[in-house]
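This briefing is for a reader who has not seen the structure before. Please look over the sequence and the model, then read the notes below.

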Amino acid sequence: MGIQVNEEQKEFHLFNGEVSYIFRVIEKSGQLEHLYYGRNITHRRSFKHLIEREVRPSCNRFEGDHTSSFEHIKQEYPAFGTTDYRYPAHRITRSDGSSVTDFQYTGYQIIKGKPSLAPLPATYVEEKEEADTLVITLYDSVLHCTLRLSYTIYRNRNVICRNACFVNEGSESVYVNNAMSASLDLPDDQYEMVHLAGAWARETHKETKKITKGIQSIYSARGASSHVHNPFLALKRLDATEHSGEVMGFSLVYSGNFLAQVEVDTYQVTRVMMGINPFLFKWKLNAEESFQTPECVMVYSDEGLNGMSQSYHALYRDRLVRGYWRDRDRPVLINNWEATYFNFNEEKILSIVDTARELGIELFVLDDGWFGERNDDTSSLGDWFANKKKLPGGIEGLSAKVNEAGMKFGLWFEPEMVCRGTRLFEEHPDWIIQTPGRTASHGRNQFVLDFSRPEVVEHVFTLMDNILKKAEISYIKWDMNRYITEAYSPSLQADQQGEVFHRYILGVYQLLGRITDNYPEILLESCAGGGARFDPGMLYYSPQIWTSDNTDAVERLKIQSGASLVYPLSSIGSHVSEIPNHQVGRLTPIESRANTAYFGTFGYELDPGKLNKEEKQQVKQQVAFFKQYRGLIRKGSFYRLQADADLNDVAWMVVSKDEAIVLSFRILAKPNDSYRRLKLKGLEPEKLYKIEGKETTHYGDELMNAGIILSEDYTGRAQEFWQREKPGDFASELFILKAVKD
Ligand code: DGJ
């Protein structure tokens, strides 16, 4: 178990009872050849028989050897230009313009545990025994560069984490044009590619398509991981389902431009790779400097997509998220954005706070519009000083009053942005990202601060710190509402402009790190116009992320089902909002809005003063319900029982040792419907469970195999169809299961 090395054959086997990953050094060329990735196989002294060679009509590396074409060898970190014509994992250019690389094996090291990738975010271990890391070193004697490929295998998780690092050991600078975090060559192409696509207000919609010859990819070149694609893809076998069959997940711990790509060649070999998007990227690597890629987290599951998701959930919840809030229940919050937008004053806020507290809500979040002259979205970002017309006592005064009223106080910032007319803009007009001689495009009337410059990060830290150190703030919502255009930084030389995007994200991570280090007990929720940066990089700093500005319960079924493919419920920001819904105008029952929002961090995004007496009572019960079960929701295993976006019925379940919550949601009502049963998952087969509100008890195996009967007659009160109360559209039901004694 762990990492075995067949010294003579130069073979490396990472295995842990769940997964095996095997590769070797090619004797003649010193390159790495991939041999196997999949379900755990028994270690043996040699895996030579897994080498595949054919004589093909192609260019060969060694004279007299007609099987030495890299195009036909499965590799670990392929180069272009030396007989492999597929897309390479790396590309480095020398000052003479040449870009052939030839990294040859020089040695390996096995490290107990998992080294940090700081300043990049990455998964981690708490005890060295949790994981083993294999570092392979290769050297290119013409470039004078070392390449270190790292592979970490967790002992008790079906996870392998990979990254690459280039070190320039020569005296000349070189340019890294492409440096993927991981590349994997698989022997066939019988897979579907699953990924998460979207736009503002419809993020993380699951897409599935059969892979075909050629390149299929998703990417971002927007400066953020983006609403459009999430830095994640999975390859699933054609017969794999939510709960069975082989699935491999690839997830990038990064928040900037990325590429996730699948290439199928003419022999049905599938190459998957993931990393920083090489388009717009070029990193000048001076003598003695190194370039570290972000981490790619690979999960192998033979329990379908849901099995893959559960592995990501556990890893990201327990070993990516850090700090004070990692293992703590999160407060039920109320955010004033949809309640007031920019139109509020202290009196209005305090009335929201008073009503919310009576309903049991624990944290009030003051959203956009509290600073400068910001009464709409045309001004003031960067002027992080309270608007005294709205808040006479400033943030200090308001936060004290909210705390006195018995609620915690949270505050919205958009630290990376600036608007014209602000003090920040007037003093530093050159601090925005813009290309000399070109118009700077705006997005939501705002410009992006050049976070690739340390002095900009420092300045914004001071502005935020001035507020944070004086006021009683327990939570920050960190927003980011536009992508980068005209990328260029005057602080960098002409041959370093390809570094702007990556340096920008490093600057964002640096500021996030300083804020969380200085204020470790502040709960940070990141946000980017909803879910434009819902990615593992942000999770390293913010245990929860606002999933989407779309708060409609029906839309959220798709969005949250998609997000749950990779991200744990403890990270999925989900709130109940008013109706008609502000994004789609839909009228859904308040129970269904809450039932959906429970499967996340839970809160409200409405004016509680507008609720009638009965609704207030319902909200009180909802808050009490969430408080009772938030531990289970945060830590339990999540199952998508029925979550196909095109289905009319969606069912989710979260289960821990002795309890479970099941959601059954029917989008459009159906008359005279067929019989329906919902098969549960994750229960103990021999345990007896009681479903709250029902008389009978059931064994776990019955609930998982025979299922819960959903047809209306379940109550036993069979009535004529015309007499029955109809559920209506968007109806949902929660089943609470508790293990009981026989
Ligand atoms: C976009 C966020 O996603 C919203 O929740 C809200 O904070 C607005 N920005 C404020 O401008």
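How are α10 and α11 oriented to each other: roughly parallel or roughly perpendicular? The model is predicted. In it, the axes of helix α10 (residues 590–597) and helix α11 (residues 613–635) cross at roughly 20°. Angles under 35 degrees count as roughly parallel, and α10 and α11 are therefore roughly parallel to each other. The points below take up the helix pairs, then the ligand site, then some details of the backbone.

**Helix pairs**

- The axes of α10 and α11 come within 11 Å, and the crossing of these two helices is right-handed.
- Helix α9 (residues 553–563) also pairs with α10: their axes come within 9 Å and cross at roughly 15°. That angle makes α9 roughly parallel to α10.
- The handedness of the α9 and α10 crossing is left-handed, whereas α10 and α11 cross in the right-handed sense.
- Another pair is formed by helix α6 (residues 454–468) and helix α7 (residues 500–518), whose axes come within 10 Å and cross at roughly 30°. This makes α6 roughly parallel to α7.
- Where α6 passes α7, the crossing is right-handed.

**Ligand site**

- There are 13 residues around the ligand, and those that come nearest are Asp367, Asp368, Lys477, Asp479 and Asp549.
- Sorted by class, the shell around the ligand consists of 6 charged, 4 nonpolar and 3 polar residues.
- Which distances separate the ligand from the side chains of Asp367 and Asp368? For Asp367, an N or O atom of the side chain is 2.7 Å from an oxygen atom of the ligand. For Asp368, the distance from an N or O atom of the side chain to an oxygen atom of the ligand is 2.6 Å.
- Asn481 places a polar side-chain atom 3.5 Å from a nitrogen atom of the ligand.
- How much of the ligand does the protein bury? Taken alone, the ligand exposes 290 Å², and 99% of that is buried by the protein.

**Backbone details**

- Where is Pro119 found? Pro119 lies in the loop between β6 (104–112) and β7 (131–140). The peptide bond leading from Ala118 to Pro119 is cis, and its omega is near 10°.
- Ile579 and Pro580 are also joined by a cis peptide bond, with omega about -5°. Pro580 sits in the loop between β30 (575–577) and α10, the helix whose axis crosses those of α9 and α11.
- Lys10 is a residue other than glycine with a positive phi, near 55°. Lys10 belongs to the loop between β1 (2–6) and β2 (11–15).

How values were computed: Residues are numbered from 1 along each chain as its sequence is written. This is a predicted model: local features need pLDDT of at least 70, side-chain atom pairs count only at pLDDT 80 or more; totals for chains, interfaces and linings use all residues. Side-chain values use heavy atoms; hydrogens and water are left out. A residue is near a molecule or strand if one of its heavy atoms lies within 4 Å of it. A polar contact is a pair of N or O atoms within 3.5 Å; within protein, one must be able to donate a hydrogen and the other to accept it, and residues adjacent in sequence count only if both atoms are side-chain atoms. Accessible areas come from the Shrake-Rupley method with a 1.4 Å probe; for residues, only the protein chains shown count as cover. Ala, Val, Leu, Ile, Met, Phe, Trp, Tyr, Cys and Pro count as nonpolar, Asp, Glu, Lys and Arg as charged, and the others, Gly among them, as polar. Axes are lines fitted to C-alpha atoms, for helices over the stretch in contact, and angles run from 0 to 180 degrees between N-to-C directions. Helices (H or I, at least four residues) and strands (E, at least two) are DSSP runs, numbered from the N terminus. Angles under 35 degrees count as roughly parallel, over 145 as roughly antiparallel, 65 to 115 as roughly perpendicular and the rest as oblique. A crossing is left-handed if the near helix is turned anticlockwise from the far one by less than a right angle, and right-handed if clockwise.
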